[in-house]
Amino acid sequence: MIRGEVPDGFVAVGRVLGPWGVRGDLKIEPLADLDRFRSGLTVQLAGSTCIIERVNTSGRQLRLKLIEINDRETATAHRGQYLILAEADLGPAGEDRYYRFQLIGLNVVSTDGDPIGEITDIFATGSNDIFVVKGPRGELLIPAIDDVVQSIDLDAKV
């Protein structure tokens, strides 16, 4: 679960998949909208403050260069780590859009009101996100699509 690896008050916005090239660029799995990544943005990586120098998209991944990382070896050392931002720096997600950290821990109920479990993780597929829900029936994988997820109420945590 991402939350356990991110300090309170911060949000993981990307995960380092590995190096890209030899000049310190990183392959990033975005965990937030792609428009959140831009040159000049300050992020945290492995407890250090870093500034994004440039960003390029490559399918569902990003190629990102941080000013502070200038070689392949240093980039490789960050594989699996998260780029994080302060929650206050995120701004609103937009209408009917949510950050992953807002959904982790929500209770899931059926349309009849029967409890199904709690969202413990979220992962991306090629077409949509999948909610990992743990409850009395074990672990369930629920596609985050409009036909399946009827509503989200952050205030009610449902």
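How many nonpolar, polar and charged residues does the lining of the largest pocket have? You're looking at a predicted model, where local features need pLDDT of at least 70, side-chain atom pairs count only at pLDDT 80 or more, and totals for chains, interfaces and linings use all residues. Residues are numbered from 1 along each chain as its sequence is written, and side-chain values use heavy atoms, with hydrogens and water left out.

Let's begin with some strands (DSSP runs of E, at least two residues; helices are runs of H or I, at least four; both are numbered from the N terminus). Two strands count as paired if DSSP finds at least two bridges between them. Look for Val108, whose bridge partner in β8 is Gly117. This hairpin has 5 residues between its strands, and Gly113 takes a positive phi near 90° there. Then β8 pairs with strand β9, residues 129–135, in the antiparallel sense over 6 bridges. Here Glu118 stands opposite Lys134 in β9, and a hairpin of 4 residues links β8 to β9.

Now for the empty space. Rolling a probe the size of a water molecule over the atoms shows where such space is left. A pocket is an open set of points on a 1 Å grid over the protein atoms alone, where a 1.4 Å probe fits, with protein on both sides within 12 Å along at least five of seven lines; lining residues have an atom within 4 Å of a point. The largest pocket has a volume of about 970 Å³, volume being the space filled by probe spheres set on the grid points, which are joined across faces, edges and corners. Of its 31 lining residues, Asp33, Arg97, Tyr98, Arg100 and Asp129 are the closest to its centre. And our opening question? The lining has 16 nonpolar, 7 polar and 8 charged residues. Ala, Val, Leu, Ile, Met, Phe, Trp, Tyr, Cys and Pro count as nonpolar, Asp, Glu, Lys and Arg as charged, and the others, Gly among them, as polar.

The second largest pocket comes in at about 390 Å³. Of the 18 residues lining the second largest pocket, the closest to its centre are Val108, Val109, Val149, Gln150 and Ser151.
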